[in-house]
Amino acid sequence: MDVKDDGELLTIGAFAARARLSAKALRLYDRLGLLAPAHIDEASGYRYYRADQVERARLVALLRQLDMPLARIAEVVETADGFEAGDRLAAYWGDVENRFAAQRTLAAYLRARLSGRSSEMYEKFEVQLVDVPEQVIITETRHALADELPVWIPASLGRLEQAAGECGGIVGAPYVVYYSAVSMESDGPVESCVPVADESAARSWAAARDGDRGRRTGVRIEPARRLAYARITKAQVAHPQILAPYEAVETWMKREGWDYDGHCREIYFADWDAAGAEDPVCDVAFPVKRP
């Protein structure tokens, strides 16, 4: 019954024509839980929609064109407040633009690699050696994907820096160790580390948290190491920009005849919040030894 009153029902064909969608799309929206028919005839199985569902159908179709995940579409269309719904859309699109910007940078990086211009990128980084003495460190470890690191790293280091007050204070730059690859498919594990002064107090701190399933914390002695490192700015810490300094250090190691002597790490020596985009904040480093 194709009638004009919004309270009456339209057949799926009539509703599809009014919403400028296909009946197939409407069946899909129903299956995905985004737009259910107002009524399904038990005898015939025919689907009927109210005319006042047209706007929702068009909105769902437009949001799907933005590749918005189904759960977020549901959040937008179920939000009664139009301003809040608009804010949800803006937040989603901000995430999309950030992802596209990172992918654009990654594409440029890969293009340089594939075209044989990697050495030009690596020449931007000065690689140096530094000897680091044995350290007592308190740690927090977790498995994390690449998009989780920007939140977890500062949060975990902040927790450890606060705990360092119970362990004699901080005696070195905080750092993060990567025990395996971290990407959108590989989740590490990753370890945040803060060097502290008092080993006995640190072990007491760790023992008090033994069995805490919420966070994997600990204490250990980090042996003296020689590090090959490249210093990078705050802007270069972001993925995928940070790939280039890592590879620059590895290329230098191979050229100068150094072997790996441990897992790669990022050493954060500056006040992150106070630093500008072009300020040095981090050393990308590999423990090294002679063959």
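This is a predicted model: local features need pLDDT of at least 70, side-chain atom pairs count only at pLDDT 80 or more; totals for chains, interfaces and linings use all residues.
**Exercise 1. The loop between E6 and E7**

Task: Find which peptide bond is cis at Pro189, and describe where Glu185 is found.

Solution. 
- Step 1. Pro189 lies in the loop between E6 and E7.
- Step 2. The bond joining Gly188 and Pro189 is cis, with omega about 20°. Most peptide bonds are trans.
- Step 3. Glu185 is also found in the loop between E6 and E7. Its relative accessible area is 73%, so Glu185 is exposed.
- Step 4. In sequence, Glu185 and Ala144 are 41 residues apart; in space, their C-alpha atoms are 9.9 Å apart.

**Exercise 2. Helix H7**

Task: Check the span of helix H7 (residues 149-163), then work out where its buried residues lie around the axis.

Solution. 
- Step 1. H7 has 15 residues, and at 1.5 Å a residue it should span 21 Å. The C-alpha atoms at its ends are 21 Å apart, which agrees.
- Step 2. The buried residues of H7 are Leu149, Trp152, Ile153, Ser156, Leu157, Leu160 and Ala163.
- Step 3. Viewed down the axis of H7, these buried residues fall within an arc of 120°, so they line one face of the helix. An α-helix has 3.6 residues a turn, so residues three or four places apart point the same way.
- Step 4. On the other side of H7, Pro150, Val151 and Gln162 are exposed.
- Step 5. The cover over the buried residues of H7 includes E5, strand E6 (175-178), E7, helix H8 (199-208) and strand E11 (265-268).

**Exercise 3. The nonpolar cores**

Task: Name the residues with the most contacts inside the largest nonpolar core, and list what Ile153 touches.

Solution. 
- Step 1. The largest nonpolar core has 46 residues. Those with the most contacts inside it are Ile138, Ile153, Tyr178, Val196 and Met253.
- Step 2. Ile153 touches Val176, Tyr178, Ser192 and Tyr268, leaving aside residues up to four places away in sequence.
- Step 3. Another core, of 26 residues, lies apart from the largest one; among its residues are Val54, Ala57, Met68 and Ile73.
- Step 4. As a general background, nonpolar side chains tend to be buried together in soluble globular proteins.

**Exercise 4. Strand pairing**

Task: Trace which strands pair with strand E5 (residues 135-142), then give the order of the open sheet that holds E1.

Solution. 
- Step 1. E5 is mostly covered, with 7 of its 8 residues buried.
- Step 2. E5 pairs with strand E8 (residues 216-222) in the antiparallel sense over 7 bridges. In this pair, Thr139 stands opposite Gly218.
- Step 3. E5 also pairs with strand E7 (residues 190-196), antiparallel and over 7 bridges. Here the bridge partner of Glu140 is Ser192.
- Step 4. The open sheet has 3 strands in the order E1-E3-E2, and its pairing is antiparallel. Strand E1 (9-11) and strand E2 (39-40) are the edge strands, each pairing on one side only.
- Step 5. E2 and strand E3 (residues 47-50) pair over 2 bridges, and Ile40 stands opposite Arg47.

**Exercise 5. Arg265**

Task: Determine whether Arg265 is buried or exposed, and find which backbone oxygen its side chain reaches.

Solution. 
- Step 1. Arg265 is placed in strand E11.
- Step 2. Its relative accessible area is 5%. Buried means under 20%, so Arg265 is buried.
- Step 3. The side chain of Arg265 reaches the backbone oxygen of His263 at 3.2 Å.
- Step 4. Not counting residues up to four places away in sequence, the residues that Arg265 touches include Tyr175, Glu222, Arg225, Tyr246 and Asp283.

Definitions and conventions: Residues are numbered from 1 along each chain as its sequence is written. Side-chain values use heavy atoms; hydrogens and water are left out. A nonpolar core is a set of buried Ala, Val, Leu, Ile, Met, Phe, Trp, Tyr and Cys residues joined through side-chain atoms within 4.5 Å. Buried means under 20% relative accessible area, exposed over 50%, partly exposed in between (1.4 Å probe, protein chains only). Contact means heavy atoms within 4.5 Å. Helices (H or I, at least four residues) and strands (E, at least two) are DSSP runs, numbered from the N terminus. Two strands pair if DSSP finds at least two bridges between them. The expected span of a helix is 1.5 Å times one less than its number of residues. The arc is that of the directions from the helix axis to the C-beta atoms. A polar contact is a pair of N or O atoms within 3.5 Å; within protein, one must be able to donate a hydrogen and the other to accept it, and residues adjacent in sequence count only if both atoms are side-chain atoms.
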